Amino acid sequence: MKEKLNPLGITVISQKEAGYNIEVDETGTTFEENATLKAEAIYKLSKLPVISDDSGLEIDALNGEPGIYSARYAGENATDEDRRNKVLNSMKNVEKEKRTARFTCAICYIDEDGNKHIFKQSCEGTIATEPHGVNGLGEKSFAELSNNEKNKISHRGKAIDEFVKYLKQEEN
């Protein structure tokens, strides 16, 4: 996000860097709702423009799971490996053509006037039968891509690009 917003003269700082050490309960039922909850909490404290996101993995054969619960899918203190193993175990009998999935990211931007804007993008793929690369589940996993490659095709990279496009239109 910093890399794409700095050329526009926007300095991005984290919630922690801004001095807001709060944990926002993600009680929404969608990525958009959770991103909005997080952005609203910081906007109420700062009254400054805020960018927040929520993202996760949606697997068709698992009825969209883990979805908004991706980070907690294998339990509160689960590791990435625990989450990968849970996904792979849940899909052990799923045929290759039914292993479709996507990473989804929703960004909520609250501008200086308190107006909310949502940018949502996905990156389609499939779930492999075993991990590939480092921390990966796809045939050519994100883990096998460079950061530059990942930023061009990922759900988060595409949502940020959509946000940057919006900001550039607002300037004109």
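Below are some questions and answers, from the overall layout down to single residues.

This is a predicted model, so local features need pLDDT of at least 70 and side-chain atom pairs count only at pLDDT 80 or more, while totals for chains, interfaces and linings use all residues. Residues are numbered from 1 along each chain as its sequence is written, and side-chain values use heavy atoms, with hydrogens and water left out.

Q: In what order do the elements of the protein chain run from the N terminus on?
A: First, the naming: helices (H or I, at least four residues) and strands (E, at least two) are DSSP runs, numbered from the N terminus. The protein chain has five helices and three strands. Reading from the N terminus on, they run α-α-β-α-β-β-α-α.

Q: In what order do the three strands sit in the open sheet?
A: Two strands count as paired if DSSP finds at least two bridges between them. In general, strands of a sheet pair through backbone hydrogen bonds, either parallel or antiparallel. Here the pairing is antiparallel, and the edge strands, each pairing on one side only, are β1 (50-59) and β3 (116-126). That goes with the order β1-β2-β3.

Q: Which residue in β2 is the bridge partner of S55?
A: Strand β2 covers residues 100-110, and ten bridges join β1 to β2. These two strands run antiparallel. For S55, the partner in β2 is C105.

Q: What angle does the direction of helix α5 make with that of β3?
A: Axes are lines fitted to C-alpha atoms, for helices over the stretch in contact, and angles run from 0 to 180 degrees between N-to-C directions. Contact means heavy atoms within 4.5 Å. Helix α5 (residues 155-171) packs on the sheet and touches β1, β2 and β3. Its direction and that of β3 make an angle of about 150°.

Q: Which strands do the buried residues of α2 pack against?
A: Buried means under 20% relative accessible area, exposed means over 50%, and partly exposed is in between (1.4 Å probe, protein chains only). Helix α2 covers residues 31-46, and its buried residues include F31, A35, I42 and Y43. The buried residues of α2 pack against β1, β2 and β3.

Q: Which residue forms a salt bridge with D54?
A: The closest N and O atoms of this pair are 3.4 Å apart, and both residues are buried. D54 lies in strand β1 and its partner in helix α2, so the pair ties together parts that are 16 residues apart in sequence. The partner is K38.

Q: Which residue's backbone oxygen lies 2.6 Å from a polar atom of the side chain of S70?
A: S70 is found in the loop between β1 and α3 and is buried, with a relative accessible area of 13%. A polar contact is a pair of N or O atoms within 3.5 Å; within protein, one must be able to donate a hydrogen and the other to accept it, and residues adjacent in sequence count only if both atoms are side-chain atoms. On one side, the backbone nitrogen of L57 lies 2.9 Å from a polar atom of the S70 side chain. The backbone oxygen at 2.6 Å belongs to G67.

Q: What is the omega of the peptide bond from E65 to P66?
A: Most residues other than glycine have a negative phi, and most peptide bonds are trans. P66 is found in the loop between β1 and α3, and the bond leading from E65 to P66 is cis. Its omega is near -5°.

Q: Is K47 buried or exposed?
A: K47 lies in the loop between α2 and β1. K47 has a positive phi of about 60° although it is not a glycine. At 54% relative accessibility, K47 counts as exposed.

How values were computed
Expected span 1.5 Å × (residues − 1). Salt bridge = Lys/Arg side-chain N within 4 Å of Asp/Glu carboxyl O.
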